[in-house]
Amino acid sequence: MFDAPHSQVLRLIAAHAVNTPDKVALVSGSRRVTYAQLAANVEGAAAYLHAHGIQPGDHILLSAQKELEFVYLYLGAHLLGVVNVVVDAAAPRERLDYIVGIVKPVALFGTAVDATGYNFTPFNEVTFDNTALDSKVLPSLKHTDVADVMFTTGTTGVPKGVYLSHANIAGSASNTNGFIGTCAHDIEALALPLSHSFGLGRLRCVLTVGATLVLVGNFANLKVFFNVIAQEHVTGFGMVPAVWQYIKRLSGKRIGQFADQLRYIEIGSAALPVEDKRLLMELFPHTRICMHYGLTEASRAMFCEFHESADNLESIGHPASNLVEVCILDDQGEPVADGIDGEICVRGNMVVSSYFLDTDNDGSFFGDWFRTGDWGHRGTDGCYYLTGRKKELINVGGEKVSPVTIERAITSLGVADCACIAIPDPNGVLGEVPKAFLLKGGVEIDIDELKQKLSQLLPPHEIPVQWEWVDELPRTSSGKIQRLKLKK
Amino acid sequence: MEQRVKAIIARVLNVEIGAITDDLSSGDIPQWDSVGNLAIISTIEQELDIEFPLEDLFDLTSVRSLVDEVNQLMNV
């Protein structure tokens with residue numbers, strides 16, 4: 001069995017492989033992988049990477065859907081000290097180009113919607129049955145070494161690379177399992193994307209605790225998802241609020257049939273209306289319904305369990321564990337009194353210490369306090385409340401969309417200028433959707449034609465759903481668009 | 001009507017019409033995720049001026065089921 005002093009995640013998986021070797025760790029369709037097989041495949045993946053000349057400290061790009069081989073390579077890279085850069089297989093080409101351009105990965109694995117010009121090795125061409133990894137090739141690594149680079153969307157419209165150490169990802173898993181209470185007997189269905197912080201975090205939570213994870217494509221086909229819950233005796237799953245709206249719209253209250261078997265549901269990535277929280281409590285009276293507040297940079301910083309917080313469901317909860325601290329600071333980094341709004345700042349075992357690019361670190365920390373960019377306060381009840389978003393990202397069903405990205409695409413089509421803001425989804429499903437204000441005076445273009453052309457430049461969720469032509473856009477004296485003034 | 005429904009699905013998902021086979025179901029291709037599925041349902045309702053009964057939505061998971069449902073609602 002491999003030894004991984006730098007990675008608590010790998011040490012725990014190795015321990016399960018020794019103590020419960022025949023326990024199923026992963027299920028994908030008809031394939032079942034035990035902890036013993038998982039550990040062997042992780043070692044095989046590290047041996048494969050080593051045999052292909054990939055060195056500790058090198059970066060590899062993993063373009064993830066929901067493949068078992070992704071899991072092996074992801075963890076195998078950690079064993080060898082190779083840094084994973086995880087991206088969505090459906091990521092727009094511009095984002096892929098940007099990430100590859102600054103990270104310069106030595107190898108790319110998986111698939112991408114548009115991989116033209118890139119040399120991706122498909123997961124099914126990677127072999128994991130190499131002879132055991134010679135422990136002599138394993139370098140001396142520290143838990144503070146970088147495990148993953150995850151890219152988030154920055155306020156400037158350029159993705160920000162976040163350095164996550166082995167300690168960060170282990171800390172987040174430990175905090176989350178401690179709060180939710182996931183244990184080795186649990187069987188979790190994962191329909192969230194593995195390329196996002198939430199889904200990848202669920203993978204680590206389940207495997208570190210020795211439970212079973214059932215990989216499901218996505219939530220689109222609820223019949224498939226419900227069948228998996230029934231047939232695999234699933235006891236927990238994670239979802240974003242947009243998925244809950246989708247489940248509600250397409251299946252009504254049918255999911256309540258699983259109330260007696262579901263021990264926990266984790267929710268996160270966007271706000272959920274209080275009436276939905278109450279409906280979930282009604283449907284799942286004995287289930288721990290845990291909503292997290294967090295960012296890629298400070299994963300699962302706070303939790304609110306609905307039944308425990310029945311009297312203050314508006315709250316985003318309290319720190320996830322005693323290793324996490326939250327503080328409300330003013331613009332100078334000074335603490336403010338309870339009840340007064342300020343910036344929500346976080347420090348703890350899962351909080352990153354830096355970004356990939358030094359320039360992104362500017363203004364992101366007050367000392368060791370990470371600045372979330374979110375506005376809120378601590379109530380007299382000791383819980384934290386989110387009152388607004390300092391940043392102007394548009395949260396489309398959990399996907400954080402930068403208004404700048406949309407504005408650039410629109411002006412590239414000849415519109416004189418524009419500004420995009422978040423508006424509530426008129427259909428009440430996605431939370432927020434983009435609205436575009438277009439400045440008159442440029443190319444005369446029909447909105448339908450604009451939408452058609454934009455569909456070539458942006459993914460569907462980034463295309464504005466409302467449009468308005470205006471004579472001028474509000475700007476600061478230095479020329480910056482004042483998007484908040486467009487919100488009526 | 002079958003071709004019209006298939007054309008709407010292809011357009012909404014931004015894929016070739018040839019990819020829209022009878023057996024294709026939500027979740028089978030990355031484009032047909034939950035957001036894509038909602039867009040298919042609302043676009044069909046809007047363009048064909050029909051309304052899917054709420055209790056039927058759970059079962060509308062494939063191209064064939066959508067075509068059959070539209071035919072039934074429009075008495076084709």
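1. Basis. This is a predicted model, in which local features need pLDDT of at least 70, side-chain atom pairs count only at pLDDT 80 or more, and totals for chains, interfaces and linings use all residues. Residues are numbered from 1 along each chain as its sequence is written, while chains are lettered from A and ligands numbered from 1 in the order in which they are written.

2. Overall dimensions of chain A. The C-alpha trace spans about 70 × 55 × 50 Å along its principal axes. A compact globule of 488 residues would have a radius of gyration near 23 Å, and the 23 Å of chain A agrees with that. The radius is taken over C-alpha atoms, and the globule rule is 2.2 Å times the number of residues to the power 0.38.

3. Content of chain A. There are 12 helices and 25 strands; helices (H or I, at least four residues) and strands (E, at least two) are DSSP runs, numbered from the N terminus. Buried residues account for 50% of the 488. A residue is buried if 20 or more other C-beta atoms lie within 10 Å of its own, exposed if 12 or fewer, and partly exposed in between, with C-beta atoms placed from the backbone. Of the contacts in chain A between residues at least 6 apart in sequence, 66% join residues at least 24 apart. Contact requires that the C-beta atoms of two residues, placed from the backbone, lie within 7 Å.

4. Domains. Chain A splits into domain 1 (8–378) and domain 2 (394–486), with bounds that come from an automatic or database domain assignment. Their contact takes 13 residues from domain 1 of chain A and 14 residues from domain 2 of chain A. On the domain 1 side, helix α8 (residues 241–251) of chain A gives the most, with 5 residues. That side divides into 7 nonpolar, 5 polar and 1 charged residues. In these classes Ala, Val, Leu, Ile, Met, Phe, Trp, Tyr, Cys and Pro count as nonpolar, Asp, Glu, Lys and Arg as charged, and the others, Gly among them, as polar.

5. Chain interface. In chain A, 22 residues are in contact with 17 residues of chain B. The elements giving two or more residues to the chain A side are α7 and α8 of chain A. The largest share, 5 residues, comes from α8(A). By class, the chain A side has 11 nonpolar, 8 polar and 3 charged residues.

6. Helix α8(A). This helix is mostly covered, with 8 of its 11 residues buried; among them are W244(A), Y246(A) and L250(A). The cover over the buried residues includes α7 (222–231), β11 (236–239), β12 (264–267) and α9 (274–283) of chain A, together with α2 (34–48) of chain B. G252(A) follows α8(A) and has a positive phi, near 60 degrees.

7. Strands β9(A), β10(A) and β11(A). Both faces of strand β9 (residues 187–190) of chain A are covered: I187(A) and A189(A) are buried on one side, E188(A) and L190(A) on the other. β9(A) runs parallel to β10(A), joined by 4 bridges, and parallel to β11(A), joined by 2 bridges; two strands pair if DSSP finds at least two bridges between them. I187(A) has T212(A) as its bridge partner in β10(A), and A189(A) has F237(A) in β11(A). With helix α6 (residues 197–209) of chain A, β9(A) and β10(A) make a right-handed β-α-β unit. Right-handed here means that, with the strands pointing away from the viewer, the path from the first strand over the helix to the second runs clockwise.

8. L215(A). This residue lies in strand β10 (residues 212–215) of chain A. L215(A) is buried, with 23 other C-beta atoms within 10 Å. Not counting residues up to four places away in sequence, L215(A) touches L26(A), V27(A), S28(A), K66(A) and L190(A).

9. Strand β17(A). All 7 of the 7 residues of strand β17 (residues 342–348) of chain A are buried, so the strand is largely enclosed by the rest of the structure. Strand β16 (residues 324–329) of chain A pairs with β17(A) in the antiparallel sense over 6 bridges, and E325(A) has R347(A) as its bridge partner in β17(A). β17(A) also runs antiparallel to strand β19 (residues 369–378) of chain A, with 4 bridges; there the bridge partner of E343(A) is W375(A).
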